[in-house]
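Have a look at the fold first, then read on.

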2 protein chains.
Amino acid sequence: MIPHDTHLNIGSLLFEGIDQIDLTGPFEVLSRIPNSTYRIYAKTMAPVRDVKGLWLTPNATLAEAPPLDVLHVPGGFGQEALMEDSEVLGWIRRQAGGACSIFSVCTGALLCGAAGLLKERRATTHWSAFHLLPFFGAIPVNERVVVDGAWISAAGVTAGIDGALRLAAELRGDEAAQAIQLHMVYAPEPPFNSGTPETAPAAILEAARRSVRGVTAQREQTARRIAAKLGIAVPALSAE
Amino acid sequence: MIPHDTHLNIGSLLFEGIDQIDLTGPFEVLSRIPNSTYRIYAKTMAPVRDVKGLWLTPNATLAEAPPLDVLHVPGGFGQEALMEDSEVLGWIRRQAGGACSIFSVCTGALLCGAAGLLKERRATTHWSAFHLLPFFGAIPVNERVVVDGAWISAAGVTAGIDGALRLAAELRGDEAAQAIQLHMVYAPEPPFNSGTPETAPAAILEAARRSVRGVTAQREQTARRIAAKLGIAVPALSAE
């Protein structure tokens with residue numbers, strides 16, 4: 001682990017069709033890590049829209065990024081368009097190779113998988129894509145935040161906040177993370193118990209699965225192609 | 001309450017120096033409310049930076065906003081610069097006058113207060129500004145989310161997610177809110193218990209209070225001037 005008094009370069013990947021809170025949830029934490037520089041990187045400097053239309057703007061291009069100490073890879077439906085993008089996958093591979101921590105949120109894990117980086121790693125992702133992790137050689141772990149050595153993966157969307165606080169503690173100690181948590185007033189009180197497939201009412205889960213069926217089918221096709229490229233035996237799909 | 005089959009216009013206020021997750025946390029919910037149009041409004045179309053540097057871009061100007069059914073007022077240190085801004089306060093006042101729900105997050109409550117809208121209302125705000133609520137005639141309630149008729153206020157920063165889910169349930173029913181919660185995988189597991197002044201370690205709270213002392217002192221001066229304008233007897237300050 002890097003000593004607390006060593007400066008850290010922290011970077012997030014931004015792309016069209018991201019689920020914005022995969023980026024902005026961790027942003028609230030990553031931008032407050034002591035003795036660090038945090039930047040958002042994208043293929044070009046053009047603003048991009050998140051899956052529901054929020055305009056987000058990078059700080060610099062992928063090519064301009066220094067070697068990162070911490071790499072953050074968010075997800076969202078737009079991840080699918082990058083699964084065979086050699087520029088983005090190559091960037092993730094290079095940056096991950098030199099980083100002390102790699103942090104995926106939601107289907108950002110699939111991008112790391114497509115870059116060939118999840119083989120035999122314990123990882124998690126959004127529930128709608130969880131069954132696809134074995135296509136990349138990953139060991140799926142149904143937990144909100146999974147730590148495997150330098151790799152931290154957060155399940156879906158808001159799990160990025162929990163993951164980023166875990167990461168902050170790893171990098172700078174518990175007290176630094178607790179100070180950020182206090183600033184963020186992160187003492188959540190969800191009004192319902194419907195945040196996971198295990199707890200959501202059955203009808204709501206069924207409707208949610210239906211609403212992402214098209215995306216899920218496309219992700220499965222892509223995952224099969226990538227598994228073949230990576231030389232991973234294609235697992236049987238037990239369920240969506 | 002507006003019937004579920006009536007279309008809703010939902011709008012968030014964006015300004016320089018906002019705390020981005022006051023906007024982006026609720027965005028994840030508000031942008032998914034069935035049968036609604038959600039837009040972000042600012043004084044001009046220019047991108048603005050949040051308090052830690054995230055570039056955010058509005059969808060339209062304040063002048064272009066239709067009469068809103070739901071008004072969302074976020075906070076952040078940048079709120080201070082708008083506390084005597086007649087254009088913004090006038091906009092909040094006009095929009096709140098016609099809205100069925102007004103939702104403040106963090107120090108967005110102070111903006112509503114400066115617009116003269118919190119008199120005798122139960123409300124909350126970020127812990128660092130909580131003692132200022134009486135300057136605007138509000139009744140401070142130390143809860144994470146406070147509902148007072150059409151008014152919903154969320155304490156600080158990430159409380160906006162809980163508040164937005166409460167609001168979604170009020171507007172479109174519990175099932176709509178639960179479906180959004182499932183998409184967001186909002187089943188939080190904070191790694192520490194440090195999200196409120198009551199739970200944070202004493203040394204961390206003290207350091208956090210010190211770090212915002214300058215902002216707090218300025219907010220107090222502004223609150224005194226506004227209290228005088230609103231004809232509210234200035235309360236004695238018991239503590240920061």
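What volume does the largest cavity have? It comes to about 60 Å³. This is a predicted model, where local features need pLDDT of at least 70, side-chain atom pairs count only at pLDDT 80 or more, and totals for chains, interfaces and linings use all residues. Residues are numbered from 1 along each chain as its sequence is written, chains are lettered from A and ligands numbered from 1 in the order in which they are written, and side-chain values use heavy atoms, with hydrogens and water left out.

**Cavities**

- The structure holds two cavities of 30 Å³ or more; a cavity is a set of points on a 1 Å grid over the protein atoms alone where a 1.4 Å probe fits but cannot get out.
- A volume here is the space filled by probe spheres set on the points, with grid points joined across faces, edges and corners.
- Residues lining the largest cavity (an atom within 4 Å of a point) include A:Ser104, A:Cys112, A:Arg121, A:Arg122 and A:Trp151.
- Helix H3 (108-114), strand S8 (122-123) and strand S11 (151-154) of chain A each give two or more residues to that lining, and S11(A) has the largest share, with three. Helices (H or I, at least four residues) and strands (E, at least two) are DSSP runs, numbered from the N terminus.
- By class, the lining of the largest cavity splits into seven nonpolar, two polar and two charged residues. Ala, Val, Leu, Ile, Met, Phe, Trp, Tyr, Cys and Pro count as nonpolar, Asp, Glu, Lys and Arg as charged, and the others, Gly among them, as polar.
- Over in chain B, the second largest cavity holds about 50 Å³, and its lining includes B:Ser104, B:Cys112 and B:Trp151.
- S11(B) gives the most to the lining of the second largest cavity, three residues.

**Largest pocket**

- About 480 Å³ of space lies in the largest pocket; a pocket is an open set with protein on both sides within 12 Å along at least five of seven lines.
- Of its 22 lining residues, A:Arg32, A:Ala179, A:His183, B:Ser211 and B:Val212 lie nearest the centre.
- Helix H5 (174-183) of chain A and helix H6 (202-211) of chain B are the elements that give two or more residues to this lining.

**Cysteines**

- There are zero disulfides over all chains, a disulfide being a pair of cysteine sulfur atoms within 2.5 Å.
- A:Cys112 is buried (under 20% relative accessible area, with exposed over 50%, partly exposed in between, 1.4 Å probe, protein chains only) at 0%, and A:Cys106 is buried at 3%.
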